[in-house]
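Thanks for coming. I will take the two chains in turn, then the contacts between them. Please have the model open while I talk.

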Amino acid sequence: MKLEIEQLSKRFTGNQYPAVDNITFSMQAHEILSFVGPSGCGKTTTLRVIAGLERPDQGIIRLDQRTINDDRTFVPPEKRNIGMVFQDHALFPHLSVFDNIAFGLRGFTKAEKKDRVSELLNLVGVEALAKRFPHFLSGGERQRVALARALAPEPALLLMDEPFSSLDAHLRLEVREQIRNILKASQSTVIFVTHDQEEALFMGDRLAVFNQGKMEQIGLPETIFHDSGSRFVAAFMGDSDFVCGKSNPTGFETELGLLDQQNDYSPGTDVEIAIRADDIDFELNKQGNGRIINRFFRGAFNFYRVELDSGAIVHVFKLHTEIYQPGERVLTFFNAGHPLKIFAR
Amino acid sequence: MFRTSALRSSHRRQNKPIPKIAFLAGSVALLAVIPVIYILIHALTGDPELWQRIIQTRLIKLFSNTLWLVLAVTTGTSLLGVSMAWLTERTDVPGRKIFRWLLALPLAIPPYIGATIHLALLRPRGGLISLWLEGNNLSFLPLPIPTGFWGAAFVLIIFSYPYVYLLSGAAFRSMNASFDEAARMLGRTPWQTFWQVTIPSIRPGITAGALLVALDMLAEYGTVALLRFETFSSAIFVQLAGRYDRSAASILSGVLILLALIILYGEFHIQGRAQFTQIGSHWRPATLIHLGKQRIWGFLALLFTVLMSFIIPVSLLMFWSTQSILDSQTFSGMQIGSRGLLSFIFNSVWSSGFAALLAVLFSIPIAIYVVRYPGKISRLFSRLSQVGYAIPGVVVALSLVMLVNRFLPFLYATPLVVVMAYVVRYIPQAVRSSESAMRQLSPSLEEASRLLKRNALQTFMQVTLPLILPGLLAGSALVFLSSLKELPATLLLRPAGFETLAVRVWIWSEEGFYFQAAPAALLLVVMSIIPLYFLLQRESIFKQ
């Protein structure tokens with residue numbers, strides 16, 4: 001294993017709850033792992049603890065079989081061989097692009113520095129900017145220089161803390177594809193922090209979903225999305241809505257009717273069923289079980305928000321040709337071709 | 001969360017290591033407060049009979065004199081400073097770009113030089129204006145009495161308003177147009193907008209400036225002594241220089257410091273909020289108010305202020321300097337023994353420069369500690385190190401005389417004691433500059449350097465220091481400027497024969513040798529303009 005983390009915890013003084021709560025995971029070499037979760041969930045603190053910028057209260061961190069943190073050890077950040085790309089890029093304003101990238105190349109001769117820096121400038125595609133100062137770079141250029149600087153000393157692990165958050169939305173899509181290609185080309189081992197689910201799915205070979213200091217689930221993007229391990233993951237990653245139900249031997253009784261699905265719950269258990277907009281459908285019906293409260297036009301689709309009689313809100317996809325008015329009564333029913341995720345209440 | 005108590009204790013140690021910088025910062029804070037504490041203890045343990053005598057005979061008069069002066073000057077500088085800032089920042093008055101500079105330049109003129117010129121012009125016997133009136137048979141025209149309360153208040157207002165002017169100017173400048181526009185859209189007239197939106201949003205700037213002026217007035221010695229208006233500072237000076245009565249001086253100093261500490265506390269309170277109109281990404285400057293036909297009055301108000309506070313004083317100094325240099329007798333009078341102007345300049349520059357260097361060096365650990373480790377203790381250290389704002393020069397002198405005599409006798413009667421006084425008195429200015437420089441430095445830059453294999457010290461030398469250097473230089477320029485102009489502590493602490501420009505100007509002025517004093521005074525002003533120009537360039541209102 002490239003990176004091994006065991007029972008890592010960190011609580012800031014004055015806070016009741018730990019920012020990082022007993023986290024354990026490991027990473028393979030050349031892997032990109034996305035940390036995703038709402039703000040304040042502990043993903044950035046975990047990253048900073050791994051970097052050595054914060055001291056954990058407990059936990060073991062091993063990088064390339066070397067212990068860099070445990071009860072007795074705290075290796076300072078400059079001795080960890082870890083690179084980091086900061087949210088604000090943190091390019092040194094008093095140094096040129098060349099000197100910024102060369103900053104981490106300690107012990108290199110002048111010629112070696114020159115070669116390595118031009119190699120990196122080439123890798124990130126900003127050869128022409130070597131003499132510029134950070135102040136005169138565009139957002140995307142700064143992003144790439146920051147990456148080049150972090151990669152220059154060939155760190156064992158690269159940490160990226162919401163690196164695209166300072167970019168405009170349209171630029172973000174373009175830059176993240178370039179960056180992912182660079183990371184793969186340089187065979188880097190990367191932890192990538194973001195609060196954007198879509199970005200996490202795009203960047204990560206695997207995903208780790210954080211909530212309230214805990215790592216709720218870690219796994220392949222498909223698994224996280226389709227086989228969420230907890231209600232939180234389903235809600236945060238999958239844009240799921242939830243309806244209540246009761247189990248019986250053949251399925252679940254809900255206000256959308258019976259969900260026909262084999263299960264191991266003892267009959268009468270209260271559950272919640274996670275549903276996405278493509279798992280259900282509705283038709284106009286005055287005696288139905290809910291009413292349309294809004295319609296959002298999404299190009300090829302109409303996206304309807306429906307309030308069920310119990311007060312629960314669900315969303316439904318319809319073709320762009322099917323237009324109904326808010327306020328109309330509808331009958332909503334299950335229409336999924338696959339089993340749905342069930343969580344005990 | 002933790003399973004064993006052994007784990008717990010080891011974690012606590014690991015979790016909250018006390019940074020080394022805290023010890024350095026604590027030492028600086030301690031050094032900065034020793035003089036105040038020493039004086040307060042000395043005052044409180046003073047002879048009760050002496051206390052009673054002072055309370056009965058002196059205290060009420062000194063209290064009311066000092067407070068009235070503070071009140072008058074603070075009010076006057078606020079009115080003058082805010083109206084000048086409003087004219088140059090918010091209206092289309094002609095020449096406002098030049099006036100912006102001219103209005104700040106009186107900071108280069110120490111008020112006691114202003115008071116000297118004021119006396120030279122208005123003395124009932126021998127004043128230039130009085131003589132001119134007599135010569136033209138106009139002596140029946142009444143001239144204001146130049147000395148006393150009104151004289152002192154007038155001189156101090158016209159040479160202190162730039163503090164308020166600069167701070168409120170910056171506040172006007174940073175105001176977003178949308179505030180005013182929102183008020184207008186919500187049905188307020190321009191006049192109502194001014195009072196209900198503009199003034200409240202720059203109020204922290206005005207208050208901060210006014211409180212700094214108030215602290216300055218408590219410390220002011222030269223002007224009130226020259227214009228014969230007795231305040232705490234001048235009374236303490238007389239006790240020390242004339243009667244050598246340290247006990248009485250300590251008691252008066254104790255009361256004065258308490259007064260100053262109250263004001264300083266208010267200033268700390270307001271300081272954090274002095275800028276709630278921050279310039280965000282959508283900032284647009286407020287549109288200028290068109291004065292129309294009233295422009296001429298705005299222009300005249302600016303011109304009058306600038307004439308009184310800068311142009312006339314400097315022109316007179318230049319005129320007298322030329323005359324005294326041309327007159328061989330006066331010129332040779334400028335030699336004191338074998339020493340001349342050059343030695344005064346040399347002494348002024350090295351003592352102020354050394355003080356500036358020390359103050360900035362000492363301020364660095366405080367700035368790093370308070371900015372990178374925010375908390376109750378670091379804030380306490382920062383505030384303690386700024387207590388110098390509340391110790392007038394005469395009090396610094398008194399405490400250093402006693403402290404040095406007792407603990408560092410080998411330093412007694414050396415110019416180094418003068419340098420120590422400057423450091424104690426002006427280190428707050430360095431601390432504030434260094435802190436604001438540190439605050440502008442994103443911690444991620446230092447973190448990036450750590451991850452690029454630099455330890456804490458290398459990071460400071462290669463990343464932090466180069467980036468905060470402009471701020472440090474500004475702090476040292478400020479301390480240099482203040483030390484150059486410092487009078488009472490220099491007078492009381494200097495060893496025999498240690499003459500600075502300020503000392504010489506003062507001695508000649510007190511004896512009425514205005515022509516002789518002029519070249520030294522002019523040099524002092526010119527030398528002050530250099531650091532002042534550097535400092536003003538950094539102010540937002542001088543950037544376009």
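I start with the ground rules, then go to chain B, chain A and the interface.

This is a predicted model, in which local features need pLDDT of at least 70, side-chain atom pairs count only at pLDDT 80 or more, and totals for chains, interfaces and linings use all residues. Residues are numbered from 1 along each chain as its sequence is written, while chains are lettered from A and ligands numbered from 1 in the order in which they are written.

Chain B comes now. What is its secondary structure? Chain B has 23 helices and zero strands. Helices here are DSSP runs of H or I with at least four residues, strands are runs of E with at least two, and both are numbered from the N terminus. The radius of gyration of chain B is 25 Å, close to the 24 Å from the globule rule for 544 residues, so chain B is as compact as a globular protein of that length. That radius is taken over C-alpha atoms, and the rule is 2.2 Å times the number of residues to the power 0.38. Along the principal axes, the C-alpha atoms of chain B fill a box of roughly 100 × 70 × 50 Å.

Of the 544 residues in chain B, 48% count as buried. Buried means that 20 or more other C-beta atoms lie within 10 Å of the residue's own; 12 or fewer makes it exposed, anything in between partly exposed, and the C-beta atoms are placed from the backbone. Next, contacts: two residues are in contact if their C-beta atoms, placed from the backbone, lie within 7 Å. Among contacts in chain B between residues at least 6 apart in sequence, 82% join residues at least 24 apart.

Now the cores. A nonpolar core is a set of buried Ala, Val, Leu, Ile, Met, Phe, Trp, Tyr and Cys residues joined through C-beta atoms within 7 Å. Which residues touch the most other members of the largest one? They are B:L215 and B:A421, out of 162 residues in that core. Helix α7 of chain B, residues 148–174, gives this core its largest share, 17 residues. A second, separate core has 92 residues, including A:A90, A:V117, A:V193 and A:L259. Back in chain B, and leaving aside neighbours within four places in sequence, B:A421 is in contact with B:V396, B:A397, B:L400, B:A489 and B:L493.

One more residue in chain B is worth a look. B:I257 sits in helix α12, residues 246–271. Why does B:I257 count as buried? Because B:I257 has 25 C-beta neighbours inside 10 Å. Not counting residues up to four places away in sequence, B:I257 touches B:V36, B:I39, B:L40, B:A390, B:I391 and B:V395. B:I202 is 55 residues away from B:I257 in sequence, and their C-alpha atoms are 29 Å apart.

On to chain A. Chain A has eight helices and 20 strands. Chain A is divided into domain 1 (3–236) and domain 2 (241–344), with bounds from an automatic or database domain assignment. The C-alpha centres of these two domains lie 39 Å apart. The C-alpha atoms of chain A fill a box of roughly 80 × 50 × 35 Å along the principal axes. Of the 345 residues in chain A, 42% are buried.

Just after α1(A), A:G52 takes a positive phi of about 90 degrees.

Strands count as paired if DSSP finds at least two bridges between them. Strands β17 (301–308) and β18 (313–319) of chain A run antiparallel and are joined by seven bridges. A:R305 has A:H315 in β18(A) as its bridge partner. Four residues lie between β17(A) and β18(A) in this hairpin, and A:G311 in the turn has a positive phi of about 100 degrees. In the other hairpin, two residues separate β12(A) and β13(A). Strands β12 (251–254) and β13 (257–260) of chain A pair in the antiparallel sense over four bridges, and A:E253 is partnered with A:L258.

Last, the interface. 22 residues of chain B are in contact with 26 residues of chain A. On the chain B side, α1 (5–15), α19 (443–451) and α20 (456–485) each supply at least two residues. The largest share of that side, six residues, comes from α19(B). The chain B side divides into 10 nonpolar, seven polar and five charged residues. Here Ala, Val, Leu, Ile, Met, Phe, Trp, Tyr, Cys and Pro count as nonpolar, Asp, Glu, Lys and Arg as charged, and the others, Gly among them, as polar.
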